[in-house]
Amino acid sequence: MPTQDAGAMTLEQIHDFKGKYPKQLWYLFLSEMWERFAFYGMRGMLTVFMVEQLHLSEKDANLKYGAIQAFIYTMAFVGGLFADKILGFRKSIFWGGFLMIIGSFTLAFSPQHLYYIGICFNIVGTGFFKPNISTIVGNLYRTGDHRRDAGFGLFYSGINIGALLGGWLCISAANSYSWNVAFSLAGIGMTIGLGIFIFTKRTLGPIGLSPLAAKFTASRIRLYDIMVYAGSLLVIPFILLLISNTGYTDLFMYIVGPAAFLYIIFEMMKLGKAERQKLAAALVFIIFSVFFWAFFEQAGGSLSLFARYNLHHKVLGITFDPNAINNAANSLFVIILSPLFGLLWLWLSDRKLEPNTVIKFGLGFLFVSLAFYVFFYTRFFADASGLTSLNVFTLAYLVITFGELCLSPIGLSLMTKLAPQKLHGMMMGMWFLASAYGQYAAGIFGADMSVTTPNATLTAKLMAYTEGYKELALYALIAGVVLIVLSPLIRKLMHEVH
């Protein structure tokens, strides 16, 4: 039966690391940084590419963007499940990274002709990579190790450094050279990230090995692995069909979400009163997270097109590509402000003034609302040609980052706190599924606010998008107020969970 490499570290040795961070975290940090470089570099190009190179209408491009992102997060649920049950985290990360490399270089080879095929490889690959590397980070620490939060903070900064570089450089390469070069950059970034993981995985000791190692022979495990790999390849034509026809995507989303919700209700009926109430609280966060992602993910859809066509090219008098600002500003602000928010929460906690989880979630929506009001107000800075201020646009991203930082402590960790141990995997899957629905809704919102008239003026597009942003601002405001008003009831359902 397969065992860890001779001479590899034991789990005890890994947990007994000295200092603030285990050395393995730095390797995972670099792997994730380059994977996020590829992911956010790709994300920042999708909608613009579909309009300019595939000649889709802005409405159809928004809908397809929402579908692509929705399936990425749906596959994250599937990829996490197969990692838990069969492959283990290491093989899942390798397989996911390999598929993303194939997808990126497929796009680079012939973006116009192989676009949807390359995207499908990236969807499946991201599903295997995304949920599993962060799980390995958690396994570097013993339960209750107070250094865990600092470790995830460092890992989170790696995500944002990668997003900043990829979001900036890939669209810049598309503008200055070609789309082939831009997609190649994403592939090169993913290759570097996977290479770092492969050459440093030995330092992980037993972490991330196949969960079947203690149950089956090596040949039986190899058979199961091959079945998963083959199945993930066979699903690509199905995903290709779904994203090529958004009507099929609609049908898929209408079935999967309600079915998952009904299954949770079925599981809740088997639990005691306190556990049912905690799961009810978790469902509240899940439902509201759909709305949050529907607003936030305009960044890759409607805001990407708005930045492309309706913005001047100067921030504080310095010339910048508006799409690079759209793709990278949020990550830059997170890197700068995240330590300051951490200090703020500590300062408030020392004075017993730190808002609870529900209030933070509500505040996140209020900041998002304010940000979209700022996006709306860009219309009052527009010139006669329909171009408006990149300064005001960038300010809106600063405000939206405040909202994200209010929500950053919330998510998968909250799901695991509120769900009983036997339902942890299911609730983490539901959180990813909620993200998928948020992405899907983001595409619908973006499509609804786009101008469908052929050859519409930039002024007409400006007015249509900013009117849509005003509506999103109102929806976010309502969501934030409702959460804050309901916070005493939700806190009661959460019992001892903070």
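1. Helix 2 and helix 5 in this predicted model cross with left-handed geometry. Their axes lie 11 Å apart, and the packing angle is about 150 degrees. Since an angle over 145 degrees counts as roughly antiparallel, the two helices are therefore roughly antiparallel to each other.

2. The contact between these two helices draws on L25, L28, S31, E32, E35, R36, F39 and M42 from helix 2, which meet N122, T126, F129, K130, I133, I136 and V137 from helix 5. By class, the residues of the contact of helix 2 with helix 5 comprise eight nonpolar, three polar and four charged. The charged residues include E32, E35 and R36 on helix 2 and K130 on helix 5.

3. Two cavities of 30 Å³ or more are present in the structure.

4. Which helices each supply at least two residues of the lining of the largest cavity? They are helix 2 (23-43), helix 4 (58-109) and helix 5 (111-139).

5. On the helix 4 side the contact is made by L63, K64, A67, A70, F71 and T74, and on the helix 9 side by T246, T249, F252 and M253. Six of the residues in the contact of helix 4 with helix 9 are nonpolar, three are polar and one is charged.

6. The second largest cavity has a volume of about 50 Å³. Its lining is formed by L63, G66, A67, T246, T249, D250, Y440, G443 and I444. Helix 4, helix 9 (246-268) and helix 16 (424-449) are the elements that give two or more residues to this lining. Four of the lining residues are nonpolar, four are polar and one is charged. Among the lining residues, L63, A67, T246 and T249 also take part in the contact of helix 4 with helix 9.

7. Helix 13 (residues 357-377) and helix 14 (residues 390-407) pack at about 170 degrees, and their axes are 7 Å apart. This angle makes helix 13 roughly antiparallel to helix 14. Helix 13 contributes K360, F361, L363, G364, F367, V368, L370, A371, F372, V374 and F375 to the contact, while helix 14 contributes V392, F393, L395, A396, Y397, V399, I400, F402, G403, C406 and L407. The class composition of the contact of helix 13 with helix 14 is 19 nonpolar, two polar and one charged residues.

How values were computed
Residues are numbered from 1 along each chain as its sequence is written. This is a predicted model: local features need pLDDT of at least 70, side-chain atom pairs count only at pLDDT 80 or more; totals for chains, interfaces and linings use all residues. Side-chain values use heavy atoms; hydrogens and water are left out. On a 1 Å grid over the protein atoms alone, a cavity is a set of points where a 1.4 Å probe fits but cannot get out, and a pocket is an open set with protein on both sides within 12 Å along at least five of seven lines; lining residues have an atom within 4 Å of a point. Grid points are joined across faces, edges and corners, and a volume is the space filled by probe spheres set on the points. Helices (H or I, at least four residues) and strands (E, at least two) are DSSP runs, numbered from the N terminus. Axes are lines fitted to C-alpha atoms, for helices over the stretch in contact, and angles run from 0 to 180 degrees between N-to-C directions. Angles under 35 degrees count as roughly parallel, over 145 as roughly antiparallel, 65 to 115 as roughly perpendicular and the rest as oblique. A crossing is left-handed if the near helix is turned anticlockwise from the far one by less than a right angle, and right-handed if clockwise. Contact means heavy atoms within 4.5 Å.
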